[in-house]
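Here are my notes on the model, as numbered points. Please read them beside the coordinates.

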Amino acid sequence: MSNPQQRQSWMATLAKSSLKALEDRIADLQPLPPYDFLRPPEIGLTMVRGRAGGTGEIFNLGEMTVTRCAVQLGDPAAIVGFGYVAGRSRRHAELAALCDALLQHPQWRDRIQQSVIEPLQGELRQQHAARARQTAATQVNFYTLVRGESE
């Protein structure tokens with residue numbers, strides 16, 4: 001069984017990855033086990049909250065669109081998977097929920113971890129590193145020159 005931190009990690013990976021990358025990884029795993037929708041993909045809004053200075057008063061930043069889905073594997077284990085993704089992609093939420101369920105299934109866990117989660121995490125790390133390099137390239141360093149005058 002997975003611990004809550006592992007599940008949070010893979011759910012974040014599934015949510016942050018692109019739909020195309022997720023579809024490409026899952027395509028290699030066919031045939032997938034049958035599953036039923038407990039909650040078909042549905043689009044809604046959620047309130048995004050923030051804190052002044054990261055530690056101060058909480059304030060409502062605004063709303064963002066999210067899509068959620070819940071599936072149950074069709075085998076006797078009756079494992080439930082959830083998917084929450086930013087935006088309006090029903091397919092992305094469905095695939096994220098399916099992967100969450102499969103990652104809880106003992107026969108699928110290692111296969112999904114190696115074929116889907118680890119490659120997607122690698123892609124996300126590369127994207128983050130590229131953004132960091134791009135940001136660093138445009139960084140402006142301000143400094144003050146001390147004049148040689150004395151009082």
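1. Does His92 count as buried or exposed? His92 counts as buried, at 7% relative accessibility. Buried means under 20% relative accessible area, exposed over 50%, and partly exposed in between (1.4 Å probe, protein chains only).

2. This is a predicted model, in which local features need pLDDT of at least 70 and side-chain atom pairs count only at pLDDT 80 or more, while totals for chains, interfaces and linings use all residues. Residues are numbered from 1 along each chain as its sequence is written, and side-chain values use heavy atoms, with hydrogens and water left out.

3. The protein chain has 4 helices and 3 strands, in the order α-α-β-β-β-α-α from the N terminus. Its radius of gyration is 21 Å, well over the 15 Å from the globule rule for 151 residues, so the chain is more spread out than a compact globule. The radius is taken over C-alpha atoms, and the rule is 2.2 Å times the number of residues to the power 0.38. Along the principal axes, the C-alpha atoms fill a box of roughly 85 × 35 × 25 Å. Helices (H or I, at least four residues) and strands (E, at least two) are DSSP runs, numbered from the N terminus.

4. Of the 151 residues in the protein chain, 27% are buried. Among contacts between residues at least 6 apart in sequence, 57% join residues at least 24 apart; contact means heavy atoms within 4.5 Å.

5. Helix H3 holds His92. Not counting residues up to four places away in sequence, His92 touches Leu14, Ala15, Ser17, Ser18, Leu19, Leu22 and Val85.

6. Gln104 is also found in helix H3, which covers residues 90-104. Gln104 is buried, with a relative accessible area of 13%. Leaving aside neighbours within four places in sequence, its contacts are Arg7, Trp10, Ile79, Val80, Gly81 and Arg109.

7. How many aromatic pairs does a search of the whole structure find? The search finds 1. Tyr35 and Phe37 form this edge-to-face pair, at 6.0 Å centre to centre and 85° between the planes. Rings of Phe, Tyr and Trp (its six-membered ring) pair if their centres lie within 6.5 Å; planes under 30 degrees apart count as stacked, over 60 as edge-to-face and the rest as tilted. Tyr35 is partly exposed at 24% relative accessibility, and Phe37 is partly exposed with a relative accessible area of 39%.
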